[in-house]
Amino acid sequence: MKIRLNPTIATMLLCTTVLVAMPKPANAFIGEAAVVAAISALQKFTGSALSSMTKTLTSQLNNSMDSLTNPNSVSSMLNKGFTQLSNYEKAGVAAQQRIADASNTAMAEFARRQQDTTIRDEHMMNPEFCTGIDGSQATQGASQSARTATRAIATITDSRGEADAGTPSYYGKGQGVASSMALHGRRYCSQEDVTAGLCSALSRLPNADQRAISLFGQDTLSADGGVDAANDYSTTLIQPVAPAALRGEQLTSTSGREAALRRRAYNARMSLSRYVMNFITSLEIPSINLTDVQKTEMQAEGMTVSDQASWLTSMSLEVNRRVSGVTWNKNLQQMPPATVMRELAIEQAQANYLALQTYRLGLFQSSLAATQVAQHEEESEAKRLAPIPSPNVNPGG
């Protein structure tokens with residue numbers, strides 16, 4: 001900042017400088033008092049001028065430093081700078097708020113899409129679920145058909161074992177033997193039988209009534225003789241010939257009543273044994289229509305594809321399809337977690353179903369074991385005790 005001096009003050013300063021610097025003449029007419037007075041006047045004038053100049057400089061400096069009305073003052077410039085910095089800070093805060101709002105909006109949208117995806121996966125129907133339900137329904141239908149078949153076979157075998165009217169042993173054990181031999185020659189004639197003259201030609205299923213493969217050789221018995229062969233094998237295994245029926249006085253006499261009691265016990269044991277074999281046979285009777293997926297599994301296992309199958313075949317196909325089936329295992333790899341949990345629930349339901357069937361067979365086995373124990377104890381007791389003679393009672397006495 002440039003400071004300008006008053007012209008008068010400048011002239012006085014110049015004169016004072018000349019007088020002070022000028023040498024005194026030897027014959028000077030000016031006395032010392034005049035010089036002192038001039039100097040004193042000059043000092044007063046100079047002090048006043050300097051004081052005025054100092055006030056002017058101070059005012060101008062103060063105006064340049066802290067005047068807010070002066071746009072070029074330091075205070076004005078600092079005020080503008082602080083104001084600008086404050087504006088920058090406000091703008092930064094506003095920008096951060098907008099960034100945070102945008103981030104929150106984006107994250108909320110992402111979370112909503114994730115939730116929608118989870119809901120979709122948890123409620124999405126997998127084709128494998130429908131396939132499993134179809135197979136389970138086919139298996140359950142076959143189970144009901146097997147129960148019906150068990151009752152139908154039991155009705156025939158129980159009547160034969162009891163030698164009811166119309167059965168081979170009704171008139172005697174000889175008739176039962178002749179009927180059994182005739183049935184063997186008609187259905188299961190072997191080469192030895194032909195040589196012995198028991199039958200005229202070799203049968204399509206020679207000796208099938210005495211071979212276990214007739215019952216356990218395949219999961220589904222063929223309709224063209226397979227069911228009959230399995231049933232006849234069970235008959236040969238359990239009761240080839242039924243004893244003759246007790247009739248007339250055989251039932252009314254005292255000894256006949258005891259014989260009838262023992263015959264009923266014998267019939268009960270035979271009925272239990274035959275019922276177990278009938279139950280096994282019924283599980284292999286073709287009784288249900290297979291699904292397309294089950295037919296595909298049969299083809300993959302190298303089996304002869306058929307439209308109908310038994311309960312045992314249907315259940316085996318459902319188990320094997322999940323063990324080695326390519327389609328099921330491929331679908332399993334693509335299943336979301338919720339669908340996998342549903343498939344595990346189906347697997348657990350099938351395991352419970354098989355456990356129930358195993359429990360039912362356990363009941364049969366326990367019944368057979370109890371029967372064997374009772375029969376053994378009865379025979380042991382009969383050997384230990386001497387027969388008690390029957391008293392002669394005189395009705396007229």
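Predicted model: local features only at pLDDT ≥ 70, side-chain atom pairs only at ≥ 80, totals over all residues.

The residues lining the second largest pocket divide into 8 nonpolar, 12 polar and 3 charged.

**Second largest pocket**

- The volume of the second largest pocket is about 500 Å³.
- Its lining comprises 23 residues, and the closest of these to the pocket centre are Arg160, Ser180, Leu183, Thr235 and Pro240.
- At least two lining residues are supplied by each of helix H4 (127-161), helix H5 (173-187) and helix H8 (226-238).
- H5 gives the most to the lining of this pocket, with 7 residues.

**Largest cavity**

- Across the whole structure, the search finds 1 cavity of 30 Å³ or more.
- The largest cavity has a volume of about 60 Å³.
- Its lining consists of Thr157, Asp158, Gly161, Glu162, Gln239, Asn267, Met270, Ser271 and Arg274.
- H4 and H10 are the elements that give two or more residues to this lining, and the largest share, 4 residues, comes from H10.
- By class, the lining of the largest cavity holds 1 nonpolar, 5 polar and 3 charged residues.

**Nonpolar cores**

- The largest nonpolar core has 11 residues in all: Ala138, Ala142, Ala146, Val276, Phe279, Leu283, Ile288, Trp311, Met315, Tyr353 and Phe364.
- Two or more residues of this core come from each of H4, helix H10 (254-282), H12 and helix H14 (337-384).
- H4 provides the largest share of this core, 3 residues.
- A second, separate core has 5 residues, among them Leu215, Leu221, Ala230 and Met277.
- As general background, nonpolar side chains in soluble globular proteins tend to be buried together.
- Tyr353, a member of the largest core, is in contact with Thr139, Gln140, Ser143, Trp311 and Met315, leaving aside its neighbours within four places in sequence.

**Helix H12**

- H12 has 14 residues and reaches 20 Å from its first C-alpha to its last, close to the 20 Å expected at 1.5 Å a residue.
- The buried residues of H12 are Trp311, Thr313, Ser314, Met315, Leu317, Glu318, Arg321 and Arg322.

**Trp311**

- Trp311 lies in H12, which covers residues 311-324, and also belongs to the largest nonpolar core.
- Trp311 counts as buried because its relative accessibility is 6%, below the 20% cut-off.
- Beyond residues up to four places away in sequence, Trp311 touches Thr139, Ala142, Ser143, Leu283, Tyr353 and Gln357.
- Pro286 is 25 residues from Trp311 in sequence, and the two are 7.6 Å apart in space, C-alpha to C-alpha.

**Leu317**

- Leu317 is also placed in H12.
- With a relative accessible area of 2%, under the 20% limit, Leu317 is therefore classed as buried.
- Not counting residues up to four places away in sequence, the residues that Leu317 touches are Leu290, Gln294, Glu297, Met298 and Glu301.
- One of these contacts, Glu301, is 16 residues from Leu317 in sequence and 9.2 Å from Leu317 in space, C-alpha to C-alpha.

Technical notes. Residues numbered from 1 in each chain as written. Heavy atoms only, no water. Buried < 20%, exposed > 50% of the residue type's maximum accessible area, 1.4 Å probe, protein only. Contact = heavy atoms within 4.5 Å. 1 Å grid on protein atoms, 1.4 Å probe; cavity = no way out; pocket = protein on both sides within 12 Å on 5 of 7 lines; lining within 4 Å. Points joined across faces, edges and corners; volume = space filled by probe spheres on them. Nonpolar A, V, L, I, M, F, W, Y, C, P; charged D, E, K, R; others polar. Core = buried A, V, L, I, M, F, W, Y, C linked by side-chain atoms within 4.5 Å. Expected span 1.5 Å × (residues − 1).
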